[in-house]
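I opened a new model today and kept short notes as I went.

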Amino acid sequence: MLTLILSLILNGIALYVTCSFVPGLHIPSGTTGFIDAVIGAVILAIVNAIIRPILLILTLPINILTLGLFTFVILGLTFWLMTAFAPGIRSDGLLPSIIGALVFGFLNWMLHVILQPKSS
């Protein structure tokens, strides 16, 4: 349970920093923005667990033709879909969502590598 809460907080931090620094992504500042970021992280996890695999299967021929580069578009679509449902988080289009998804993924990975306790 503690690992789940820590992961949720780290995802919220990564989403808040991503929306604060990527042009075209908007989030309120302060505590309200962080709460919106945590809610957005939960929504993004749900979208990535349910909708992303369906999109990857449906777009498999395009993904094969582009040698996997269309996956970035799918990442951006899932991130944009999260901004459509998350309160307080807005995206100005697909390109900021693609950049935001890449930055969020990198920040999320870095935070989990640095801060998550090692299991034996």
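I began in helix H5, where Phe-106 and Trp-109 sit 3 residues apart, so about one helical turn separates them. I kept in mind that this is a predicted model. An α-helix has 3.6 residues a turn, so residues three or four places apart point the same way.

I then counted aromatic pairs and got 2. In one, the rings of Phe-79 and Phe-104 have centres 6.2 Å apart and planes at 50°, so I noted the pair as tilted. Phe-79 belongs to helix H4 and Phe-104 to helix H5, so this pair ties together parts 25 residues apart in sequence. Phe-106 and Trp-109 form a tilted pair too, with 6.1 Å from centre to centre and 45° between the planes.

I checked burial for the other pair. Phe-79 has 1% relative accessibility, so it counts as buried. Phe-104 has 10%, so it is buried as well.

Which residues touch the most other members of the largest nonpolar core? I found Leu-15, Cys-19, Phe-79, Met-82, Ile-89 and Phe-104, out of 19 residues. H1, H2, H4 and H5 each give two or more residues to this core.

Last, I looked at helix H2, residues 31–58. It reaches 39 Å from first C-alpha to last, close to the expected 40 Å. I found a kink of about 40° at Ile-51, shortly before Pro-53. Its buried residues include Gly-33, Asp-36 and Val-47. Helices H1, H4 and H5 are among what covers the buried residues of H2.

Methods. Residues numbered from 1 in each chain as written. Predicted model: local features only at pLDDT ≥ 70, side-chain atom pairs only at ≥ 80, totals over all residues. Heavy atoms only, no water. Helix = DSSP H or I, 4+ residues; strand = E, 2+ residues; numbered from the N terminus. Expected span 1.5 Å × (residues − 1). Bend = angle between axes of the 7 residues up to and from the residue. Buried < 20%, exposed > 50% of the residue type's maximum accessible area, 1.4 Å probe, protein only. Contact = heavy atoms within 4.5 Å. Core = buried A, V, L, I, M, F, W, Y, C linked by side-chain atoms within 4.5 Å. Phe/Tyr/Trp six-rings, centres within 6.5 Å; stacked < 30°, edge-to-face > 60°.
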